[in-house]
Each structure stands twice: as structure tokens, then as C-alpha cells.
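Please view the sequence and the structure together while reading.

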Amino acid sequence: MRRFTVSGACGVAIAAAIALAGFLGFGTVNSYAQRISFSIATGPSSGTYFPVGETIAGLISHPPGAERCLRTGPCGPEGLIASAQTSAGAYANVLAVESGRANSALAQSDVVAQAVAGKGAFKKPQTHIRVIASLFPEEIHLIVSTRAKIANISKLRGKRVSLGAVNSGTAVTARAVLAAYRVRAKTSNEPPDLAVRKLLAGKLDAFFFVGGAPVPLVDGLVKSGQATLLAIEGPGRDRLLARTQGLSKDTISSGTYGRLPVIPTVSVRALWIVSDREPDATVFGITRALFSPASRKLLIQGSPSARAVSLARAARDLPAPLHQGAARFYREVSRQGTP
């Protein structure tokens, strides 16, 4: 198998040089210098992608006069002002980058694989999608109400199951899981916060969530005894992996959620994608900024998912081609012998 690597989206956080001042630590700004707006579509504000997008936007932004960029190492191209934007999720993000409504976005590896192939949720190949980096793993969580007494995925037949918000990557992955296990459930499309409320109210039996463990909303449900996690394993998982590019066999470690033992599952990779229309120099500059030693320190201070960003894994097993600017950065790093 070949492997390469919005509706209603609203701009949030780090949208202008003044808003970035506290985070970036810059002083005098040359108001006549060129400014380059660069958007990063993420997901709902309560999800995994948004805080990571905020962190990345801060790292790559380079307002004129930014002392941090001069003092501690490379930022993005001078004048670049990056902004993290909320969105419906990975599926919507791919369409936004393809159409040019977003410069870049975060998206699941399985969704990107479908997009470039024109399969699954996509009616035709998305030809402008390129990858900057593979960022971090995301486990597929299948959360079930303890009062529903559901022991395995086959018992979801006829049950009320939320696949995730419309146009989200979670919904794409959830449909693939149920199809691989040949389960027909009473499906709906709620965003995570609403799915939690409906499950607690007894109006939902289960819901899917794709995100790097531990996920706070899942942790709260499990520790309160109101929900548990179903294993994704056996012949159904084998069929799922055989059918779906961008998924890998994985586990959620023992103790990640309260007293739950090891949970077999599958995972995707969160990718930072970009349009092939973006200039090579711009993408080279932001890739270099993301993986500079100074950025590493700030990533470690961020969310658990941001801490997992690693140069060693960034260009491996990608379901879509690298952007030429990113590819140049990785070639240069390889020649220098950087791990």
C-alpha cells in the first residue's frame, strides 16, 4: 500500500501581533513591516486539537521586532502571524485546506488517507493536500454507559451510539469501526460535550472520541463510575486495519483511566496539513520553527499531545505527500545528522 503522509470555523486566539505580545515576548513593532496571516484550523475548543494549534501558532509567529525570535532561536518567516481557529474537525479541515479557506489544519491520518484517495467520506481526490508533519498519536476511545451493561462491540447492535460531530474526523473513524464489526446501531452525531450530557441523562448508550489519552472528559466519566471503555480487538479490528489506511493497532495503558486495565484499541496520527499553494519558503520556515530546540521547551510545557511532537516521527508513514518546503527541511536535517 502506498503511504505518503469548515463549516462555521471562527478565528480564535493569537490573531494579531498585539494578542501575541505576552506569549512571544516582543517589544517594539515596526508597523511598516509586512505581515503574513497564516491560519491553522483545529477542532472544537474543548477538544485535543485546539490547544495544540494554539501552541504551534505561538511558536511559528514572528511579528516584526519579536525579541523571542532573536533571543532564543528560529521562529517562522518574519512577519508571519499565525492563528488557531476552531472548526468542526478533521473532515471539515481537509475541505477547508483543499479549497483555500484555511492555510493549514490538523487532521487525522485515516481521514487524510481517504481524502487523497477520494474514498470513504470524500467523493473525489483532494489534490492540494500536503503534510508538514506527523505530530502525535490519537487513540480511538469507545465510551459506554455502565448502566447499559454492554460487554463488547457486538452488543452495540441496536443501541444508541454517537459517532461524533458532523464533519468531524471522529465520525469518519467511528463509521469505519462499526462497519468492520458489522454492527448496526442507532447512530447520531453529537459533539463530545453534548454526547457526555446525553450519556449521563440516559439518552445515549455509547459514543466515540478520538484523542490522545488521557482525555479529561473520558477520565471524569470513568472515575465517577458512570462509564467505561470497550476494547477494539479481535477479528473486527483485523478487518478494520486491513480496510483502513492510517490506522494502527494500539493499546490504552493500564491505569490511564482510573482502575481500568489495558484496553486494546486502534490509533491514528494527528497530522499538520497544508495547501500545496503555500510558498515553499513559508512552509520551510514554519517547519524549522516547530522543531527548533527553543520550541521543544515550549511544547513540553503544553498539553500532553503537544509534548508528544517529535522530529524523529514527523516524516514517517505519511498518507499524503510532504509539502516541498517541509521536505527540504527534513532533507537538510538528515544531512546534518540531527536525530
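The model is predicted, so local features need pLDDT of at least 70 and side-chain atom pairs count only at pLDDT 80 or more, while totals for chains, interfaces and linings use all residues. Residues are numbered from 1 along each chain as its sequence is written, and side-chain values use heavy atoms, with hydrogens and water left out.

Helices (H or I, at least four residues) and strands (E, at least two) are DSSP runs, numbered from the N terminus.

| Residue | Phi | Loop |
|---|---|---|
| Asn 167 | about 70° | between β5 (160-162) and α6 (169-180) |

Asn 167 is partly exposed, its relative accessible area being 28%; buried means under 20% relative accessible area, exposed over 50%, and partly exposed in between (1.4 Å probe, protein chains only).

A cis peptide bond, with omega near 0°, leads from Ala 213 to Pro 214. Pro 214 lies in the loop between β7 (206-211) and α8 (216-223).

Ala 102 belongs to the loop between α4 (90-99) and β3 (104-108). With 4% relative accessibility, Ala 102 is buried. Leaving aside residues up to four places away in sequence, Ala 102 is in contact (heavy atoms within 4.5 Å) with Ser 39, Ala 41, Ala 96 and Val 97. Ser 39 is 63 residues away from Ala 102 along the chain, yet their C-alpha atoms are separated by 5.8 Å.
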